[in-house]
Amino acid sequence: MPRVLLVAQETGGVGKSTVTRGLAEAVPDAPILEIESIHRLTEFKTAKAANEPGSVQHFPMRATREAIEASGGKAARAELDDVINALHTVKIATLVDIGANTSASLLGILKDEAPVLRSAGIELGLVVVVAAEAGSLADAGKLLHAAKDWAGARFVVANAVRGATDPAILKRVVGDATVTHLRAFELEDETRAVLAAGQLRGVGRLDRASLVEQTSPAKAGRILRDLTAFRLAVMEAVKPAALWLVEETSVPPARGGTQAGGAKRARNA
């Protein structure tokens, strides 16, 4: 029974794509469905076919929040047909990166579609990323509530990128979802530039000698240490969700049997 993990948040800039990248590092064979107005996960190969391990299929979203609200959701539903069709073809553990202003629309559709997917042997889970902003917490509560009846598991990653989230508010918002935390990192401008160039996938491939030539021995060492710690922290934050995604499950034969090849354990679990 293949599992699909949706990474969602209506509010932009909370680190959702970073969490998706961490999950992709932890489960490197998982295909990614990217639902965004702009293709952001450019460090991954582009999928040539469905269910291609470690690749990205980009589904461009052009409808604005205003257009979605004005049409009663019809603008989003029309664009999301291709995504729903792709979910019905899933054969292996898969990630879905849902862009800002799109999560509520897709989860609303999945309220009706999830039971059909499950009857076909496809189970859905949800990861919601939150930051200290009140808007992201409010949106998180709505998304978690929208998925409570059909998500096989729900996770929350509290990203301290813009400050710590109030524990009492967080507890009230997340309910019984599994919560992990990504601590804040103070990265220097040059370190951020190196990260932006290769993202998490590029951290393990950094060449110290090349960094020394570009900066200095001291700064190169600092960049490597900071980025290695950041990558590890992201992967630790997504660990429970990654383990759920690859956990072996079984269903009665009439519903499709078990996932082909069995589940692989998450890297660094």
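## Exercises on a predicted model

The strand β7 gives the largest share of the lining of the largest cavity, namely 3 residues. This is a predicted model, in which local features need pLDDT of at least 70 and side-chain atom pairs count only at pLDDT 80 or more, while totals for chains, interfaces and linings use all residues. Residues are numbered from 1 along each chain as its sequence is written, and side-chain values use heavy atoms, with hydrogens and water left out.

### Exercise 1: the cavity

Task: state how many cavities of 30 Å³ or more a search of the whole structure finds, and describe the lining of the largest cavity.

Solution. Begin with the term: on a 1 Å grid over the protein atoms alone, a cavity is a set of points where a 1.4 Å probe fits but cannot get out, and lining residues have an atom within 4 Å of a point. Grid points are joined across faces, edges and corners, and a volume is the space filled by probe spheres set on the points. The search of the whole structure finds 1 cavity of 30 Å³ or more, and the volume of the largest cavity is about 40 Å³.

Next, list the lining, which consists of Val 127, Phe 155, Val 156, Val 157, Thr 178, Thr 180, Ala 237, Val 238, Pro 240 and Ala 241. At least two of the lining residues come from each of β7 (154-159), β8 and α10 (239-246), where helices (H or I, at least four residues) and strands (E, at least two) are DSSP runs numbered from the N terminus.

Finally, sort the lining by type, which gives 8 nonpolar residues, 2 polar and no charged; here Ala, Val, Leu, Ile, Met, Phe, Trp, Tyr, Cys and Pro count as nonpolar, Asp, Glu, Lys and Arg as charged, and the others, Gly among them, as polar.

### Exercise 2: strand β1 and its partners

Task: decide how covered strand β1 (residues 3-8) is, and find the strands to which bridges join β1.

Solution. Of the 6 residues in β1, 6 are buried, where buried means under 20% relative accessible area, exposed over 50%, and partly exposed in between (1.4 Å probe, protein chains only). Arg 3, Leu 5 and Val 7 point one way from the strand, whereas Val 4, Leu 6 and Ala 8 point the other way, and all are buried.

For the partners, recall that two strands pair if DSSP finds at least two bridges between them. Strand β6 (residues 123-130) runs parallel to β1 and is joined to it by 6 bridges, with Val 128 as the bridge partner of Ala 8. Strand β5 (residues 94-98) also runs parallel to β1, joined by 4 bridges, and there Val 96 stands opposite Leu 6.

### Exercise 3: the nonpolar cores

Task: name the residues that touch the most other members of the largest nonpolar core, and follow one of them, Leu 23, to its contacts.

Solution. A nonpolar core is a set of buried Ala, Val, Leu, Ile, Met, Phe, Trp, Tyr and Cys residues joined through side-chain atoms within 4.5 Å. The largest has 43 residues, and those touching the most other members are Leu 5, Val 19, Leu 23, Leu 95 and Val 127. Two or more residues are given to this core by each of β1, α1 (16-26), β6, β7, α7, α9 (217-237) and α10, and the largest share, 9 residues, comes from α9.

With neighbours within four places in sequence left aside, Leu 23 is in contact (heavy atoms within 4.5 Å) with Leu 5, Val 7, Leu 95, Val 238, Ala 241 and Ala 242.

### Exercise 4: two single residues

Solution. Leaving out neighbours within four places in sequence, its contacts are Val 7, Ile 32, Leu 41, Leu 95 and Asp 97.

Beyond neighbours within four places in sequence, Phe 185 contacts Arg 192, Asp 226, Ala 229, Phe 230 and Ala 233. The C-alpha atoms of Phe 185 and Asp 226 are separated by 8.4 Å, although these residues are 41 residues apart along the chain.

Notes: 1 Å grid on protein atoms, 1.4 Å probe; cavity = no way out; pocket = protein on both sides within 12 Å on 5 of 7 lines; lining within 4 Å.
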